[in-house]
Amino acid sequence: MKFPSDARYSREHEWARFDGDDVIVGITPYAADELGDVVYVELPAVGLHVEVMDEFGTVESVKAVSPLYAPVAGDIIGVNEALDGAPELVNSSPMGDGWLIRVRPDDHATAVEDLLDAEAYDAFVDELLA
Amino acid sequence: MSYSPSTDADRARMLRTIGVDSIDDLFVDIPDAHRDPTLDLPAALPEVDVLREVRALAEQNRVPEGVPSFLGAGFYRHFVPALVDQQLLRSEWYTGYTPYQAEMTQGTLQSMYEFQSLVCRLTGMEVANASLYDGASALAEAVLMCRAITRRSGVVMAGTVHPAYREVAATYTQAVDVELRTVDAWTRTGNDVAPDIEAVAAAIDDTTACVVLQRPDFFGWVVDPTPVVEAAKRHGAKIVYVVTDPISLGLLTPPGDLGADIVAGELRSLVGPPAYGGPGAGMLATRQAFIRRLPGRIAGRTTDLDGQQGFVLTLQTREQHIRRERATSNITTNQALVALGAAISISALGPAGLRDLATRSLSAAHRCAEALASVGATVSNAAPYFHEFIVHAPRGAEDTVKALADRGVFGGYPLGRVDPRLADALLVCATDLTTRADLDALMNAWQAVHRG
Amino acid sequence: MASEPLIFELASPGRPGVRPPLPQFDAVDPAAVLPEGQIRGALDLPEVSEIDVMRHFVRLSQRNHSIDTAIYPLGSCTMKYNPKINEVTARLPGLLEPHPYQPESSVQGLLALIHDLEAVLAELAGFATVTTQPAAGSQGEMVGLFCIQAWLRSRGERRTTVLVPDSAHGTNPATATMTGMRVEPLGTGPDGNIDLAELDAKLDDDVAALMLTLPTTLGLFEQRILDVTRRVHAAGGQVYGDGANMNAMLGRVRPGDLGIDVMHLNLHKTFTTPHGGGGPGAGALGVQAHLAPFLPGPRFVKTDAGYALEPAGPDSIGRVHSHVGNVGNLIRAYTYIRSLGRDGMREVADDAVLHANYLRARLAPHFDIPYDRICMHEVVLAGTRQRRLGVRTTDIAKRLIDYGVHPPTVYFPLIVDEALMIEPTETESIESLDQFAEALINVADEAKAAPDLLHAAPTTAPVRRLDEVTANRSPDVNWTPAD
């Protein structure tokens, strides 16, 4: 699989992409495919502070619930409210309209430095699919 | 003997296929020392002999056919259409199981959907589950829901909620951070007992997850809940109503119109006689916003590959078999058959029938109160009531009940069991099944007990 | 098959339903006695004639599979024949009509029946005493864990961890959470037994209990059960037994003899109270003597003056039911136990286990069996061979429906890929077992030759596969006319 190079990725299959001062977070196309049809996304209250790997919500298919883990540390300053009525956006556009949360990172400079780049995540996923 | 159809020849054939010599060989994993214990159990009986034995036990019990009964207190007798039990005896209903394979269990799934829809109409709520164990555990689950929704721990419980329901709520919440606070919700002046809704309202504060009121309450009263509703709204607390007799909803304003966030109740009286307390069925209904916090099974309507209407279990990710330790509850088996009976009963009675049963119950209770007063009893009820009222029992309610029973009448429920300050108060219930003859028997017995 | 209209769609304004009883008293005007605002306006319920209500629910019932229709081999559910005499006894007026608060002296027969049932269940399962108050197995689990907590507290201990094998029913971890405890999963070894090394590693002084299903959900008897219970006790913990699978053990072994401290019995599984489309059940709970003081009250006791309800003692964890439990089911279970007697009990386990092993032997050439040894009352297959052909266990299950057979439990236990969990029970005949086996073998053959038949199945049921995604994304759970 090939993933966009403008984002970084976690081994828990979340992506993180800078948008000015903020980081946008979602689940990767690989995760969305594995999950199947997403029927519900539970997102946190705006204002919550998360550390890396904190659970910030869940994403549900008909017969599975998967926790969402924060790939960066910071304050959650926005959530994708469109998912409330249209959880299918996570399937149709996981790295676009299906984004999950907007985070104001604790440290902008180092926020994503421990995450995989696209090439490394490609390799990681290829290994899982093998 | 065990309802197994296998013959010795069948068994021999099966053992050959398996490749073992005897059935004992199938139990080798059981530790030797404990295999095949000697059990102290009686021998088998053919069905007619079992029936004879159980009937002998049944006949030792005195029941309303022979003993006029004015017992209610959360367990009510109402008319139930004959077709309800005829339906429940259909094999396709009672020998099926949870609809795990939707295509093969559309009957159960559609009936669950209809049940949920009927409960919503009856209670004035937006969503209902397909039943819980009973009214008491439904209240417990409602309290746990409110804790999860509000992330608060305070529960203000009116003392006029059924005492057993309050106990069960306390049991369920003993290991989590819930502070149950019971407020009397009634006052006594001389022999008069009256509701005190303001006391409940005053107990609500910013730590309150929910306030629990019963309607009609355990003492039979129908109270305007406005002070509690306003206080709850002011403090952001949820409002839970308990309904122990669904027939009351044929007449009374539904909880959904009185600010309810959750309605927890018992449906047994729609389906049959009290059955010594069970099986009943718990109902739990709430607002759309809380559907993902609702425990238990929920049926949903959808379509199949051909676009035809069909039904499935929905929102199963709330449940234990998927979410395991994070589930909304551990409930699995529910009371589906009783809930089905309730749906059939509501459908057969219709709105007019339900209203009739409710108004007849109200009429019967009020006429009984008048009649008791006419033979010298003091009705100490100082508030509007539905089909239960309080009578002053000067020699003590426990003693009165015993004396009345000795004269062949179950006179009511001694309220001293709820609170010692009410040791001389008797809770008397009448319904659409109470007859003129029942009342005559009560009046005669009352006079005999209180003469001289 | 055409769909059945909703009850709401059969209604017609003004159509009379069943007639209520004649009034016995002069009417009282509710508005004259109730406070303002407390009487409802319109009651928005369907108005349907009696015959249409009857036909509607008969037609709905015909869209169901049931034990009385054909084999229903749902693993873990013990779908066996429900003897009809049970329905007769449970409806005897003397047992159906008593009120919970009528004097105990007036309900001696019923108190005796439940008292004796509890005694018999204790004898069968090897416990000091049994309470029949829990309404179902999962409520029994909750009571059991609360009792363990209370017992620990009485010894001045507080422990918060519950060890739960990865093969366990989902109720076990869910119950642990409800009782405020933390779940620590335990792995299963390649032989299907608990991994003793892992058990030892996890048995610390915070472990309150091990929750153990016996036989396990793999349908296997834990071969080192005595080692397991001994180790848990040595570490100061208790063993909770999930007795959903008691059918395999009746008369053959008493779980209480194996070091299990507390266990629920599902009367609706083992003791033939009907499943009712999902309930009511009844979850009797057996405990050893040290846990007895903590049980919910009231308890059924026999005194010099007769049978009585004894209020809960000071150490009780509290009541879990509005009265004493699902009494109607207790009457059915009692009737069943009296019908079978001592020898019938053992025959249940013998034939339940024989039938499951027969199916295992017949199906082994066609399916993978990941834990392949003598099984107890159920056998767990894996649809892994079929998955390589592009067929999932769901497809196998749906195709079985076209054969008029209810599919087994699928995708459980979670530790078996593409699991098919088959529990035939003792009440199926060899012909019925053969028919089921042949249906499953045919489906396995079709998976090779014509997999699209499986993907498209079912085609003979009242509906085809249903759109669960839409049902979950926009749940329609309450009918509205605008729909």
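Predicted model: local features only at pLDDT ≥ 70, side-chain atom pairs only at ≥ 80, totals over all residues.

Colleague: Among contacts in chain B between residues at least 6 apart in sequence, what percentage join residues at least 24 apart?

Modeller: The chain B fold comprises 13 helices and 15 strands. Its C-alpha atoms fill a box of roughly 80 × 55 × 50 Å along the principal axes. Among the contacts in question, the share joining residues at least 24 apart is 73%.

Colleague: Is B:Tyr165 buried or exposed?

Modeller: B:Tyr165 belongs to helix H7 of chain B, which covers residues 163-172. The cut-off for a buried residue is 20 or more C-beta neighbours within 10 Å. Because B:Tyr165 has 28 such neighbours inside 10 Å, it counts as buried.

Colleague: Which helix gives the most residues to the side of chain C that touches chain B?

Modeller: The contact takes 172 residues from chain C and 177 residues from chain B. On the chain C side, the top contribution is 22 residues, and these come from residues 327-363, helix H11 of chain C.

Colleague: How many residues on that side of chain C are nonpolar?

Modeller: By class, the side of chain C that touches chain B has 57 polar and 29 charged residues. The nonpolar residues there number 86.

Colleague: What confidence does the predictor give the complex, as ipTM?

Modeller: For chain C, the mean pLDDT is 96, and 99% of the residues reach 70 or more. For the complex, the pTM is 0.96 and the ipTM is 0.97.

Colleague: How many residues of helix H5 of chain B are buried?

Modeller: Helix H5 of chain B covers residues 106-123 and reaches 26 Å from its first C-alpha to its last, close to the 26 Å expected at 1.5 Å a residue. Just after H5(B), B:Gly124 takes a positive phi of about 75°. H5(B) is largely enclosed by the rest of the structure, because its buried residues number 18 of 18.

Colleague: Which strands are the edge strands of the open sheet of 4 strands in chain B?

Modeller: The order of this sheet is E12-E13-E15-E14, with antiparallel pairing. E14(B) and E15(B), the latter at residues 425-429, pair over 2 bridges, and B:Tyr413 stands opposite B:Leu427 in E15(B). An edge strand pairs on one side only, as do E12 (378-379) and E14 (413-414) of chain B.

Colleague: At what angle to E15(B) does helix H12 of chain B run?

Modeller: Helix H11 of chain B, residues 336-374, lies across E12, E13 and E15 of chain B and runs at about 10° to E13(B). Helix H12 of chain B, residues 397-406, lies across E14 and E15 of chain B. Its angle to E15(B) is about 45°.

Notes: Residues numbered from 1 in each chain as written. Chains lettered and ligands numbered in written order. Buried ≥ 20, exposed ≤ 12 C-beta atoms within 10 Å, placed from the backbone. pLDDT = per-residue confidence, 0-100. Contact = placed C-beta atoms within 7 Å. Nonpolar A, V, L, I, M, F, W, Y, C, P; charged D, E, K, R; others polar. Expected span 1.5 Å × (residues − 1). Pairing = 2+ DSSP bridges. Axes fitted to C-alpha atoms, helices over the stretch in contact; angles between N-to-C directions.
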